[in-house]
Amino acid sequence: MKSISKSAIYTILTQIPAQIFGVIAGVFITRILGPEGRGVYALFFADISLLSTILGFSVGTAITFYIANKKIAREKTIGISLLFSLVTILLSFIVLLIWLNLPIAQVFIPEEHINVSFILIFCGFVVINHIDILYASFFQGEQRFGIVNRVLLVNSFLNFGIYSILFLVYYFDAYPIGINEVLLAALIVMILNFSHWHYHFKKYYTYEFSLKFNWKDDIKPFIRFMGLDHLSNIVTFFNNRLVLWIIAYYLSSDYVGLFALAFGITQLLTMLSNPLSQVLFPFIWSDDAKKHIKTYILFCRAHFSILLIISLAGVFVTPFILTKVYGSDFYSSIIPLQIMFIPSIFACQTKIFTGILFAENKVKLYLYSSIAGLVVTLLLNFILIPSFGIEGAAIASSISFITTFIVVYISMAIHVKLPSYNLFFLNKKDLTQIKDTLKYRRNPKD
């Protein structure tokens with residue numbers, strides 16, 4: 001309990017300032033670009049995520065899983081990952097060439113923004129983003145959370161620093177700042193982030209890998225795990241991002257920007273979900289996972305209870321602060337944000353639940369839940385967006401989050417043996433246990 005709690009608390013406390021830096025950088029970006037530019041920015045990163053999700057084969061999760069449980073030797077895991085990575089990058093460039101020549105290319109990126117520098121930045125993102133995913137997954141599997149947190153914190157500080165400078169240049173009109181300059185700054189930060197990962201890897205490990213694979217013991221289980229998880233990630237991606245392209249198709253980049261801001265703010269709830277999943281998953285995937293189950297349930301309850309309080313506060317506070325922070329141009333983001341705030345808790349809780357499904361080799365159940373959410377997304381977005389605009393998109397996304405969550409929770413209740421199925425609300429015993437853990441951290445010798 002103390003080991004996993006210490007890692008979780010340390011990770012959360014480290015990532016909070018990182019998230020704050022990220023929020024401030026996001027404010028600068030939004031102020032610089034305005035609704036239309038913010039829409040193009042959102043579409044750019046949605047396109048990057050699309051290629052990364054579909055062509056990345058979810059190799060990152062597989063790395064974390066097999067590094068954590070050591071069922072495949074580390075050198076072989078790295079070797080298999082490198083082979084898949086080469087295929088990913090090659091296929092990404094081929095798809096990009098085809099993509100740019102499609103009649104509907106402007107749905108992905110408005111035609112007036114497509115130029116040589118934009119394409120070069122895009123290609124740079126594809127490569128560096130994938131490498132960063134490999135590094136992060138490896139260190140999570142090794143339970144080197146200190147390194148993961150340090151890299152994230154430095155990366156967020158770099159984001160804050162570079163975008164602060166860009167905003168000052170924009171504010172004093174010293175040099176014209178547009179979408180290309182903002183994206184180039186993001187690429188520079190990502191390259192520096194890659195250098196930081198490389199430094200830590202060289203410090204603790206070596207770039208040794210093995211290509212001597214056994215199909216039955218190495219390749220087959222790796223692909224089986226990666227395949228189900230990959231399908232789930234693709235479906236989940238479309239659950240979250242398909243709405244942006246549908247808005248671009250029916251409305252315009254301005255509305256994409258308005259909705260993207262609302263959706264992005266709800267993602268601040270992952271300030272708690274992401275560090276928890278980074279810490280919990282390697283523990284419950286390890287060979288002594290059973291002894292961590294009670295701690296896992298405690299953190300599930302704490303996660304949901306805290307997010308519920310935050311989201312309720314967010315619903316009431318949003319109308320008073322959103323336009324003051326991001327500008328009056330984003331007034332129309334208020335209602336979609338209020339609609340999605342509480343349903344987003346269920347999306348976060350789903351993320352925490354998936355770890356135990358993976359640990360129990362029930363990845364296909366997560367896939368089924370994602371498919372259910374995607375069906376809802378497709379039906380409701382095409383029905384509601386033409387009639388109700390981005391408010392309709394918010395309703396569709398909210399119902400999709402809840403649908404996915406319900407299927408995952410029912411799957412856990414039926415197929416996973418847990419000592420308790422109260423995974424939502426802290427009780428008196430939980431509060432006492434948390435208090436004792438925090439007391440131990442202050443007085444470890446007692």
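Student: How many salt bridges does a search of the whole structure find?

Tutor: A salt bridge is a side-chain nitrogen of Lys or Arg within 4 Å of a carboxyl oxygen of Asp or Glu. Here the search finds one. This is a predicted model, where local features need pLDDT of at least 70 and side-chain atom pairs pLDDT 80 or more, while totals for chains, interfaces and linings use all residues. Residues are numbered from 1 along each chain as its sequence is written, and side-chain values use heavy atoms, leaving out hydrogens and water.

Student: Which side chains meet in the salt bridge?

Tutor: Look for E142 and R74, with 3.0 Å from N to O. E142 sits in the loop between α5 and α6 and R74 in helix α3, so the pair ties together parts that are 68 residues apart in sequence. (Helices are DSSP runs of H or I, at least four residues long, numbered from the N terminus.)

Student: Are E142 and R74 buried, partly exposed or exposed?

Tutor: Buried means under 20% relative accessible area, exposed over 50%, and partly exposed in between, using a 1.4 Å probe and protein chains only. E142 is partly exposed, because its relative accessibility is 22%. R74 is partly exposed too, at 34%.

Student: Which residues form a nonpolar patch on the surface?

Tutor: Patch members have over 30% relative accessible area and no salt bridge, and nonpolar side chains (Val, Leu, Ile, Met, Phe, Trp, Tyr) are joined within 5 Å. In this model, V87, L90, L91, I94, I98, L102 and I104 make up the patch, with about 590 Å² of accessible area together (Shrake-Rupley method, 1.4 Å probe). One of them, I94, lies in helix α3, residues 74–99, and is partly exposed at 40%.

Student: How many cavities of 30 Å³ or more does the structure hold?

Tutor: Rolling a probe the size of a water molecule over the atoms shows where empty space is left. A cavity is a set of points on a 1 Å grid where a 1.4 Å probe fits but cannot get out, and lining residues have an atom within 4 Å of a point. The structure holds three of 30 Å³ or more.

Student: What lines the second largest cavity?

Tutor: Its lining has 11 residues, with L96, L100, I109, F118 and F122 nearest the centre. Helices α3, α4 (105–108) and α5 (116–141) each give two or more residues, and α5 provides the largest share, three. By type, 10 are nonpolar, none polar and one charged. (Ala, Val, Leu, Ile, Met, Phe, Trp, Tyr, Cys and Pro count as nonpolar, Asp, Glu, Lys and Arg as charged, the others as polar.)

Technical notes:
Patches are made of residues with over 30% relative accessible area and no salt bridge: like charges are joined within 9 Å, nonpolar side chains (Val, Leu, Ile, Met, Phe, Trp, Tyr) within 5 Å. On a 1 Å grid over the protein atoms alone, a cavity is a set of points where a 1.4 Å probe fits but cannot get out, and a pocket is an open set with protein on both sides within 12 Å along at least five of seven lines; lining residues have an atom within 4 Å of a point. Grid points are joined across faces, edges and corners, and a volume is the space filled by probe spheres set on the points.
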